[in-house]
Amino acid sequence: MILRTSLVLAGLLAGISTSALAQGDAEAGEKVFRKCKACHMVGEGAKNRVGPTLNGVVGREIASVEDFNYSDAFMEKASEGMVWDHENLAGYLTDPKGYIPGNKMAFAGLRKEEDVADVIAYLEGFQ
């Protein structure tokens, strides 16, 4: 009974965390995204830079932007079928090197959960 209750509670907490991520503020995310603009573009006319364009990134398969030279680490994740869902984006944006070791991204990550949720909400506007 205790194990079952613990599992139900863990599931509820995971749902709350996922819901909080889904409720980011796109307007605030646009401001946070300024940290990303040196390497990434979004919107009409976006082109690959040091990093790939991020149009349509939410829900997209990893390493799937044409004409971008991805790291071996990203290509391995692509072969595993990884998708940029909210959970994977949040993990990567928080700690790029820790979440996908061996990738080329130089950015250290966003430290605030709110900033992560806001950037994801902003990126969802470019589907």
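**A tour of the nonpolar core and its aromatic rings**

Begin by selecting Phe74, Trp84, Ile100 and Leu123, which have the most contacts inside the largest nonpolar core, a set of 26 residues. A nonpolar core consists of buried Ala, Val, Leu, Ile, Met, Phe, Trp, Tyr and Cys residues joined through side-chain atoms within 4.5 Å; buried means under 20% relative accessible area, with a 1.4 Å probe and protein chains only. The model is predicted: local features need pLDDT of at least 70, side-chain atom pairs count only at pLDDT 80 or more, and totals for chains, interfaces and linings use all residues. Residues are numbered from 1 along each chain as its sequence is written, and side-chain values use heavy atoms, leaving out hydrogens and water.

Not counting residues up to four places away in sequence, Trp84 touches Val57, Val58, Gly59, Arg60, Glu61, Ile62, Phe74, Leu89, Tyr92 and Ile100, where contact means heavy atoms within 4.5 Å.

Now turn to the aromatic rings. The whole structure holds 7 aromatic pairs. Rings of Phe, Tyr and Trp (its six-membered ring) pair if their centres lie within 6.5 Å; planes under 30 degrees apart count as stacked, over 60 as edge-to-face and the rest as tilted.

Select Phe33 and Tyr122. Their ring centres are 5.3 Å apart and their planes stand at 45°, so this pair is tilted. Both Phe33 and Tyr122 are buried.

Move on to Phe68 and Tyr70. With centres 4.8 Å apart and planes at 65°, this pair is edge-to-face. Tyr70 counts as buried because its relative accessibility is 10%.

Finally, select Phe68, Tyr70, Phe74, Trp84 and Tyr92 together: ring pairs link these residues into a cluster.

Notes
Buried < 20%, exposed > 50% of the residue type's maximum accessible area, 1.4 Å probe, protein only.
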